[in-house]
Amino acid sequence: MVLMQAKWYYYILLGIVDVEANFLVVKSYQYTSLTSVMLLDCWSIPTVMLLTWLFLKTKYRFKKITGVVICVAGLVLVVFSDVHAGDRAGGSNPSKGDILVIAGSTLYAISNVSEEFLVKSADTVELMAMLGIFGGIMSAIQICILERNELKSIHWTTGAVIPFLGFSVAMFVFYSLVPVLLKTNGATMLNLSLLTSDMWSVLIRIFAYHEKVDWMYFLAFGAVVVGLLIYSGGKKDEIQQHPNVGEEDPHPMKQDEEANSGHENKGSEAGSSKTWVA
């Protein structure tokens, strides 16, 4: 009973974190450009790596860390680009928007790592159900407190409803598929995969909206691409250590935790053994 109560509280906190992450990132679009938001979300990658290292006992090789550092260097270039070309950045206050999206990305990282732990140690259907329920409740409360004036000012026409429906469908599909990727590949790979959307944002901004893109964006995007290539360049070797050859261990998790000599521990069991990412 105590464990179930703790899980309920955990689901509530996870719902709050997820809602606030979405709120901050969406709010940042009001102040900065689409390109900045899409590129600055790479901040979630080092945050995810730190959290998985601390709580899920995942250890990253030097090559992986180097790739992340280069991605973060691209992130810094985006911030300087918005300050340098604020009149063309597509927002009223680019610096404020950058801060909001970085804060939202940090909360996204916390949410992703928490979800990774839950999908590997609890029921995925339960996670999605509880996240949907508590996330919906928190969103309704937040709208009533912070966005009630904006909600009243909306003129509900067909042109206004369709974007909301499209966004809702996109988020439904996204959150339905996220647990699958988290269970198979982990939170770090999820956040790395999301960076591929940066290329599309730049192309849409140039060809659909006919907006100018500061040259530092291309340099920053190049740094992110190089960092991703370095991160994903190595092969991932995972070797599960067995206590005795030819003898089945009735307690594999316990043996994996207690093994301290002979071989490196490369198990992938979340929350109990260590994962080495080559």
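Is F174 buried, partly exposed or exposed? In this predicted model, F174 has a relative accessible area of 28%, and this residue is therefore classed as partly exposed.

The aromatic side chains were examined next. A pair of aromatic rings is described by the distance of the centres and the angle of the planes. A search of the whole structure finds 2 aromatic pairs. With a relative accessibility of 52%, W156 counts as exposed, because the class begins over 50%. F164, at a relative accessible area of 44%, is partly exposed.

F174 and Y175 form an aromatic pair as well, with 5.2 Å from centre to centre and 85° between the planes. This geometry is edge-to-face, since an angle over 60 degrees places a pair in that class. The two partners can also be described by their accessibility. F174 is partly exposed, at 28%, whereas Y175 has a relative accessible area of 15% and is buried. The assignment of Y175 follows from the cut-off, because buried means under 20% relative accessible area.

A further feature concerns the nonpolar surface. I133, I137, I141, I145 and L146 make a nonpolar surface patch of about 450 Å². Among these residues, I133 is found in helix α6, which spans residues 124-146. The relative accessible area of I133 is 44%, so this residue is partly exposed.

Notes:
Residues are numbered from 1 along each chain as its sequence is written. This is a predicted model: local features need pLDDT of at least 70, side-chain atom pairs count only at pLDDT 80 or more; totals for chains, interfaces and linings use all residues. Side-chain values use heavy atoms; hydrogens and water are left out. Rings of Phe, Tyr and Trp (its six-membered ring) pair if their centres lie within 6.5 Å; planes under 30 degrees apart count as stacked, over 60 as edge-to-face and the rest as tilted. Buried means under 20% relative accessible area, exposed over 50%, partly exposed in between (1.4 Å probe, protein chains only). Patches are made of residues with over 30% relative accessible area and no salt bridge: like charges are joined within 9 Å, nonpolar side chains (Val, Leu, Ile, Met, Phe, Trp, Tyr) within 5 Å. Accessible areas come from the Shrake-Rupley method with a 1.4 Å probe; for residues, only the protein chains shown count as cover. A salt bridge is a side-chain nitrogen of Lys or Arg within 4 Å of a carboxyl oxygen of Asp or Glu. Helices (H or I, at least four residues) and strands (E, at least two) are DSSP runs, numbered from the N terminus.
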